[in-house]
Amino acid sequence: MRNRTKTQEYLTAFVMLLPYILSFCVFFAYPLVKAFMISFQNFSFLGDTPPKFVGFANYKEALTNKMFLDSILNTLYYSVLVVPTQLIIALILAVIVNDKVKFKEFFRTTYYLPTVTSPVAVSIIFLFLYKTDGIVNQILRHIGITPRNWFNEPSFVMPAIVSVAVWGSVGFYMVTFLSGLSTIPDQLYEAAEVEGAGEFIKLIKITVPLLKPMIFFNTVVSFISTLQMFDLSYIIGGSDGGPMGKAMTMVVMIYRTAFKEFNMGVASAMAFVVFGIIFVLTLIQRKFFGEEMSY
């Protein structure tokens, strides 16, 4: 009787998990395995030519492609600018709206609103803001700074994209920091105030150390998100990567190789190179933050 009950429990659990298992296999596991196989083949979905095994030739071509190597540098440059900027701003905003300030629910909603806005819509809005006669250049002109053609100058296109990315994503990390702040006991801050600690000391000595697990989580998520950046780069710079290819990211390069040059084998190899970069950087971040990820 007991064995029969356990069998029924296992069967019920399997039936409940079956939709997830099927969707995981169909939409994740199979495409992943198929893409890995294609990365070793001369493959094109156009024409009747059957796939041909070419070994590591696709990986060699990917790693010797100057445009792809440049896209790696562009993406790393983008990540280095975006990740610390958005996390520092998100932490400051979280500390502010977590305090006893008026209308803090309004500010929380306002700061989070860009996160749920379509990246396509955000890109189009900033295209108008940053154009030659846009609001940004008009403000610069009034304060005596030479206006720039932001999205058409190699030196300014990536910093301009960074500003768009930070504005559109800082609200998400603010909310995750808020969830971490809610777990810190108020008694710690009260004890620090008794000892005469100011707001900055409390931030450095209490808030940041106790938010270490959340900082690690946000850093990893932010790095992965920036390394996979596609929409802003593609809308602003196109498949050619904008002026002198300075807006070309790794994912845009993969898209270009797969659907503009129709070289699926090399594109798949590039995708797994990107996966390797993300994996290595995640391990480095974990090593940097240490093993103690909870409090």
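K66 is exposed, with a relative accessibility of 59%, where exposed denotes over 50% relative accessible area, buried under 20%, and partly exposed the range in between (1.4 Å probe, protein chains only). The structure is a predicted model, in which local features need pLDDT of at least 70 and side-chain atom pairs count only at pLDDT 80 or more, whereas totals for chains, interfaces and linings use all residues. Residues are numbered from 1 along each chain as its sequence is written, and side-chain values use heavy atoms, with hydrogens and water left out.

Side chains of opposite charge can pair when their charged atoms come close. With a salt bridge defined as a side-chain nitrogen of Lys or Arg within 4 Å of a carboxyl oxygen of Asp or Glu, the count comes to 6 salt bridges. In one of these, K66 pairs with D70, and the closest N and O atoms are 2.8 Å apart. Both residues belong to helix α3 (residues 66-98), where they lie 4 residues apart, about one turn of the helix; helices are DSSP runs (H or I, at least four residues), numbered from the N terminus. D70 is partly exposed, at 29% relative accessible area.

A salt bridge also joins D240 to R256, with an N to O distance of 2.6 Å. This pair links distant parts of the chain, since D240 lies in the loop between α11 (231-237) and α12 (250-259) and R256 in helix α12, 16 residues apart. D240 is partly exposed at 46%, whereas R256 is buried at 14%. Together with K260 and E261, D240 and R256 are linked in a network of salt bridges.

A further salt bridge connects R148 and E153 at 3.7 Å, N to O. R148 is partly exposed, with 34% relative accessibility, and E153 is likewise partly exposed, with 22%.

Methods:
Helix = DSSP H or I, 4+ residues; strand = E, 2+ residues; numbered from the N terminus.
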